[in-house]
Amino acid sequence: MRRAARLATAIGLVLFTASTAHAAKGRLNVLTWEGYADPSFVKPFTEKTGCQVKATYVGSGDEFVAKMVGSGNIFDLVSPPNDIARRLVDAGAVEPVDLAKAPVTTKFFPVFQRPAWLEKDGKTWGVPYSFGIVRIVVDADKVKNPPASVAVLWSDAYKGKVSLWDDMETLYMAARYAGITNVYEMTDAELATTKQTLLKGKPLVKKYWFSAGELDTLYNSGEVVASNAWETTLVNAWKAGRNLVEIVPTEGRGGWSDSWMVAKGAGKNPCTYQWIEWVSSPEMQALGHAVTGFGYSHPGMIDKLDPTTRGYLKRLQMDDPAVLSKVSWWQPVKRRNVYLETWNQVKAAKKL
Amino acid sequence: MKTTAAARAPGTDLSSAGTDGRALARRRLVLWLAPPMLWFTAFMLVPYAIMFFYSLGSMDYVDFVPGFSPANYVKALTAEPYPDVLLKSTVNGLLTALLSSVVAFPLAMWMAFGLASPRRRALVSILVVLPWWASYLVKVYAWKTILGAEGVLNTALMAIGLVDEPLSVLLYNRFAVVLTLTYIFTPFAVLSIYAQLERIPRSLVEAARNLGATDGEIFRRIILPISVPGVLAGAVITFSLGFGDFVTPSLVGGPDDLMITNLVVNLLGVSMDRPLGSAIGVVVIAFSVLLLMAANAAERRTQVRF
């Protein structure tokens, strides 16, 4: 759902045609999000290594699983988010990464060095790439003295002016607000509590947003004054000179992180680790940021940006390892279908 | 006698040639029908069978487990939120069909009876289909622009002083969803109703008038009854398109405007619950088949031959 914005891409993917040149030397097939194999850093990669890169784009996280399980080793590399990655490991679609072949990863932010969601059986199964912290964003012109809590999204004062991300993250956020500690392994009772919490806030909700662009429009037109949001919403607002600010809630913030994972057997392809090393470098991650606006795993990335952009990322504390270590990074959710059903029940419920 | 025999002989020849001809025609028919039948089997029946197979199984974490359990159907028809959402989609589909027919009817009437020259009719027909040359998404976004807080409608209302602050009841609710769906799918209703009205012979209307019928009577007793199959055909199309839509509710709908296809997208795209998604798919298909059968029967019963 995270990038449901790429609906058009998803529809385009119906026409998905797979290339089968996996074994051929000097070729790399990657299954990834749009922007993660941008020509700005793919072209110099091909020039330097001679590896041709063929990218297939996904429209939703599930497509990583759907296309990797039972696609017969078409792809060499995939870049799923932290709540999906474990599924590929458990399904046997990927192989452990040999971090010795990607030495640059030792320079990553500490939270992205062998994070929990990429560890299984004492092995590491992926290399973190981009990330984002889910922010509580309010329009400071209309929301005065907001509390340092996600409670602002449940405040009657903003009835009909609240938006929430149409994503599982909103469920995690409501669970944290309800005082649940392990939001990724909730019991039925805890899920019921979370559902009640979301239903209580539902009358305030104008719209569950599904793309960052849509949320930007909602803030721009004044239809919404508070929501959970990506960093790009804040940066776009600041660029336009609008007074959107972030509330750092005491309940904590959720975070997503995409990682490059090696398809089973693809470690033999000499291009595979060259790619991992390439896209993990500060220079290439800076080029990636220009396309996506996301955070990246190498701290050196920020220094490669122009001063204005660097200023925004510093204001967002995207360069502070201490801040990153406090984020509630998404973990694999075993009962994803029950979570989704709860979320759908909330959405389908009539306003109270 | 001779004449009869002579007459009969060529007749017999003809009939045997006729049998050969029919056999040939039948063979040709098979040849002609083979590609569409193959297409239908490969791209409709086989996928439906696969979907049905999936719908009877279950997921064990990342693995699909085949089975013969009706559990997914029980869930799709009884567990929260599936039946509610199915009902909501049905109501939205019905509203779309009803409103499209209401909007389309006067236009189709005017095209069939108000425009004398065939060239003008052709021109108006093109104008009716013209919006379909623009992307579907663009049209949905256009309605966002019209209905939004800073939209065309609110700006105009505020400019003429009818309201002091933007109306928020226009966008992000069921009204916006049904309005957008109606706008987008009305051309189908127009063309379908027009095709039916066009068949009404002028002489029928003139005869009625000569016999002293008023315009109202002509409409009520001739045009309206004859138009029913066209209205039904249009309503089936607009209902199906409205019922199955998922882009419009996510763009202009409010927090509770969730349609059944949104759920299927979620089930396949987020929770990877293919079996339940498939079961809902089968329910929807079964529902559509029943609807089409009912509409066909109704069309046959109301069709008028001239």
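Modeller: Gladly; here are the terms one by one, and please keep in mind that this is a predicted model.

Colleague: How do you know what share of chain A is buried?

Modeller: A residue is counted as buried if 20 or more other C-beta atoms lie within 10 Å of its own. By that test, 49% of the 352 residues of chain A are buried.

Colleague: Why is one set of residues called the largest nonpolar core?

Modeller: A core is a set of buried residues of nonpolar types joined through C-beta atoms within 7 Å, and the largest such set here has 53 residues. Those with the most contacts inside this core include A:Met68, A:Leu77 and A:Met261. Helix 9, residues 270–279 of chain A, gives the most to this core, with 6 residues. A:Leu77 shows how the joining works: among its partners beyond four places in sequence are A:Leu28, A:Val30, A:Trp260 and A:Trp275. Another core, of 44 residues, lies apart from it and includes A:Val143 and A:Met173.

Colleague: Which stretches make up the two domains of chain A?

Modeller: Domain 1 is 4–130 + 258–317, and domain 2 is 135–252 + 332–348. Their centres, taken over C-alpha atoms, are separated by 28 Å. Where they meet, 8 residues of domain 1 are in contact with 11 residues of domain 2. The domain 1 side has 5 nonpolar, 1 polar and 2 charged residues.

Colleague: And what makes a residue part of the contact between chain A and chain B?

Modeller: The criterion is a C-beta atom within 7 Å of one in the partner; 30 residues from chain A and 25 residues from chain B take part. On the chain A side, helix 3, helix 4, strand 10 and helix 13 each supply at least two residues. The largest share, 7 residues, comes from helix 13. By class, that side has 11 nonpolar, 7 polar and 12 charged residues.

Technical notes. Residues are numbered from 1 along each chain as its sequence is written. Chains are lettered from A and ligands numbered from 1 in the order in which they are written. This is a predicted model: local features need pLDDT of at least 70, side-chain atom pairs count only at pLDDT 80 or more; totals for chains, interfaces and linings use all residues. Two residues are in contact if their C-beta atoms, placed from the backbone, lie within 7 Å. Helices (H or I, at least four residues) and strands (E, at least two) are DSSP runs, numbered from the N terminus. Ala, Val, Leu, Ile, Met, Phe, Trp, Tyr, Cys and Pro count as nonpolar, Asp, Glu, Lys and Arg as charged, and the others, Gly among them, as polar. A residue is buried if 20 or more other C-beta atoms lie within 10 Å of its own, exposed if 12 or fewer, and partly exposed in between; C-beta atoms are placed from the backbone. Domain bounds come from an automatic or database domain assignment.
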